[in-house]
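Subject: Structure handover

Hi,

Here is the structure I promised to pass on to you. Please have it open while you read the notes below.

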Amino acid sequence: MKKEIIFEKLAWKLAKAFEETENLEKLLKKIVELLADNVDYYDWVGFYLNDGEKLVLGPFVGEPTVHVEIPYGKGICGQAASTKQIFLVEDVTKETNYLACSPKVKSEIVVPIMKGDKFFGELDIDSHTLNAFDENDKRFLEKICERLAEKFNDR
Ligand code: SME
């Protein structure tokens, strides 16, 4: 199935989750489950949350990771936190500042959750497929994180 179609269908399910889930922790859990269940190349999906000093692992689906806390600037997640930029990594073996979760992981995307200059955390997705993510993934995940930023901000 084409990515556009997968994301269109998934957008409905996500919209429902946003509407129906008041509790933010539960909403984060639902989002990682929906993403991991509906996109076959999303092999690890999780949130890292900003506690003001570092990133702390939140709800996730996939193999357990040793990286439950990540300092700003370390790895792809830490770099996304310190630069507040999206990181789309086609081939993780080419990265020098990278924290490996599993040798199976080939590519990764990290999208910050921000409102203005407030940084709440980020959505991190790993794939076992090389160069798995493109502009479609980026736009789709950005929209989710924009909506989530509103929820974090209203908390
Ligand atoms: N690869 C990430 C670490 C988190 S794991 O992918 C779950 C990084 O380099 O920051």
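What follows is a short account of the ligand site and the cavity.

Please keep in mind that this is a predicted model.

Let me begin with the ligand. Its shell is made up of Trp44, Tyr48, Gly75, Ile76, Cys77, Tyr98, Leu99, Cys101, Glu108, Asp124 and Asp126. By class, these residues split into seven nonpolar, one polar and three charged. Strand E1 (44-50), helix H3 (75-83) and strand E6 (118-127) each contribute at least two residues to the shell, and H3 gives the largest share, with three.

Now to the polar atoms. One nitrogen atom of the ligand is 2.7 Å from a polar backbone atom of Leu99. From the side chains, a polar atom of Glu108 lies 2.9 Å from a nitrogen atom of the ligand, while a polar atom of Asp124 is 3.4 Å from a ligand oxygen atom. The protein covers 100% of the 310 Å² of accessible area that the ligand has on its own.

Where does the ligand sit? The space it takes is the largest cavity. The count comes to one cavity of 30 Å³ or more, and the volume of the largest cavity is about 90 Å³. Among the residues that line the largest cavity are His67 and Ile70, along with Tyr48, Glu108 and Asp124. H3 and E6 are the elements that give two or more residues to this lining, with the largest share, three residues, coming from H3. The lining has seven nonpolar, two polar and three charged residues.

Best wishes

Technical notes:
Residues numbered from 1 in each chain as written. Predicted model: local features only at pLDDT ≥ 70, side-chain atom pairs only at ≥ 80, totals over all residues. Heavy atoms only, no water. Near = heavy atom within 4 Å. Polar contact = N/O pair within 3.5 Å; in protein donor to acceptor, adjacent residues only side chain to side chain. Areas by Shrake-Rupley, 256 points an atom, 1.4 Å probe, with all protein chains shown as cover. 1 Å grid on protein atoms, 1.4 Å probe; cavity = no way out; pocket = protein on both sides within 12 Å on 5 of 7 lines; lining within 4 Å. Sits in = over half its atoms within 2 Å of the grid points. Helix = DSSP H or I, 4+ residues; strand = E, 2+ residues; numbered from the N terminus. Nonpolar A, V, L, I, M, F, W, Y, C, P; charged D, E, K, R; others polar. Points joined across faces, edges and corners; volume = space filled by probe spheres on them.
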